[in-house]
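Hi everyone, thanks for coming.

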Amino acid sequence: MDSGIAVIWQGRNISPAGSKPVIVYDQEYCKSYYGNKTVGISRYWTAKAQDDRADLLIEIQRNSGISTADRCQLYPSLDAADAGYYKILQVQQITDEDGQPVTDLTLERLDAVDEP
């Protein structure tokens, strides 16, 4: 997990009761080092079939509280092009090649207008 730091932001609804929800992502939920993984062809096309884009697949320390309603912000240590905010498309609790519990996050980059 040497690619940088991932920050997970949880959203909260700031709209009045009974109106359309307005979600802001201003609550930092967790911070973890992350490692880049390869987005496989099956994962890529499964996301495409749902009108999503699987831009990145990262591995972080195990955290079962992360959901697809959260947002992820990346601070890469090497590839500055990966910096920014991402929508979480999929959360998977797995074990890595060393048998350690980790969480895999499939991410879709948010445009500047969609950033929290």
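Let's begin with a question: is E59 buried or exposed? E59 is buried, with a relative accessible area of 11%. Here buried means under 20% relative accessible area, exposed means over 50%, and partly exposed is in between, using a 1.4 Å probe and protein chains only.

A quick word on where this comes from. This is a predicted model, where local features need pLDDT of at least 70 and side-chain atom pairs count only at pLDDT 80 or more, while totals for chains, interfaces and linings use all residues. Residues are numbered from 1 along each chain as its sequence is written, and side-chain values use heavy atoms, with hydrogens and water left out.

Now, the salt bridges. Side chains of opposite charge can pair when their charged atoms come close. The rule is a side-chain nitrogen of Lys or Arg within 4 Å of a carboxyl oxygen of Asp or Glu, and by this rule the count is three.

E59 has a salt bridge with K37, at 3.9 Å from N to O. E59 lies in strand β3 (residues 56–61) and K37 in strand β2, so this pair ties together parts that are 22 residues apart in sequence. Strands are DSSP runs of E with at least two residues, helices are runs of H or I with at least four, and both are numbered from the N terminus.

K37 also meets D104 in a salt bridge, at 2.7 Å, N to O. D104 is in strand β6, so that pair ties together parts 67 residues apart in sequence. Through shared partners, K37, E59 and D104 form one network. How accessible are its other members? D104 is buried at 3% relative accessibility, whereas K37 is partly exposed at 32%.

Elsewhere, D26 pairs with R12, their closest N and O atoms being 2.8 Å apart. The two sit in strands β2 (residues 23–37) and β1 (residues 4–13), 14 residues apart.

Finally, look at D96, in the loop between β5 (84–95) and β6 (101–109). D96 is buried but has no salt bridge, and the nearest side chain of opposite charge, K37, is 8.3 Å away. For that, Lys and Arg count as positive and Asp and Glu as negative, with His and the chain ends not counted. What does the side chain of D96 reach? The backbone nitrogen of Q100 lies 2.8 Å from a polar atom of the D96 side chain.

Technical notes
Polar contact = N/O pair within 3.5 Å; in protein donor to acceptor, adjacent residues only side chain to side chain.
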